[in-house]
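Have the picture open beside you as you read, and look for each part as it comes up.

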Amino acid sequence: MRALSAVIALFLLNGAMSEGSNCTDEFCENQLSPELLLKYKVNVPADTTVEACDGCTVSMELIYDAEAWVSIGFSTDGQ
């Protein structure tokens, strides 16, 4: 599970850092569709680095401007 946490954190960090944001300091936003907004922040413990990301977690908020069931899923193979 630790490796998966690192993969998720680094994936999100790489996407956010390329846009000039730092998603370890503040929530980043990704407008997935006109009605669907994803806010996320990578939580890096004080005893690790972003590169190692040992024990990192991700905080997320998914906002849908309508009525529906929404979910978030993770995959180790990118699918």
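## Starting at Val44

With a relative accessible area of 27%, Val44 is partly exposed. You'll find Val44 in the loop between β2 and β3. Keep in mind that what you're looking at is a predicted model.

Who does Val44 touch, once its neighbours within four places in sequence are left aside? The answer is Thr24, Thr49, Val50 and Cys56.

Across the protein chain, the mean pLDDT is 76, and 71% of the residues reach 70 or more. Residues 1-6 are another story, with a pLDDT below 50. In the model, that stretch has 6 contacts beyond near neighbours in sequence.

## The overall layout

Now zoom out. The protein chain has 1 helix and 3 strands, and starting from the N terminus the order is α-β-β-β. Of the 79 residues in the chain, 23% are buried. The chain exposes about 5700 Å², and carbon and sulfur atoms supply 51% of that area.

Strand β1 covers residues 28-33, and strand β2 covers residues 36-43. A hairpin joins β1 to β2, going through 2 residues. The two strands pair in the antiparallel sense, over 5 bridges. For one of the partners, look at Ser33, whose bridge partner in β2 is Leu36.

## One salt bridge

Side chains of opposite charge can pair when their charged atoms come close. How many salt bridges does this chain have? The count comes to 1. The side chains of Glu29 and Lys39 meet in it, at 3.9 Å from N to O. Glu29 lies in strand β1 and Lys39 in strand β2, so the pair ties together parts that are 10 residues apart in sequence.

Is Lys39 buried, partly exposed or exposed? At 22% relative accessibility, Lys39 counts as partly exposed, because "buried" is kept for values under 20%.

## Two disulfides

A disulfide is a covalent bond between the sulfur atoms of two cysteines. A search of the whole structure turns up 2 of them. Here they are together:

| Disulfide | Sulfur to sulfur | About the S-S bond |
|---|---|---|
| Cys23 and Cys28 | 1.7 Å | -110 degrees, left-handed |
| Cys53 and Cys56 | 2.0 Å | -110 degrees, left-handed |

If you number the bonded cysteines in sequence order, the pairing reads 1-2, 3-4. Are these cysteines buried or exposed? Cys23 and Cys28 are both buried. Cys53 is buried, and so is Cys56.

## A closer look at Cys53

Most residues other than glycine have a negative phi. What is the phi of Cys53? It is positive, about 50 degrees, although Cys53 is not a glycine. Its relative accessible area is 1%. Buried means under 20%, so Cys53 counts as buried.

Key
Residues numbered from 1 in each chain as written. Predicted model: local features only at pLDDT ≥ 70, side-chain atom pairs only at ≥ 80, totals over all residues. Heavy atoms only, no water. Disulfide = S-S within 2.5 Å. Buried < 20%, exposed > 50% of the residue type's maximum accessible area, 1.4 Å probe, protein only. pLDDT = per-residue confidence, 0-100. Contact = heavy atoms within 4.5 Å. Helix = DSSP H or I, 4+ residues; strand = E, 2+ residues; numbered from the N terminus. Areas by Shrake-Rupley, 256 points an atom, 1.4 Å probe, with all protein chains shown as cover. Salt bridge = Lys/Arg side-chain N within 4 Å of Asp/Glu carboxyl O. Pairing = 2+ DSSP bridges.
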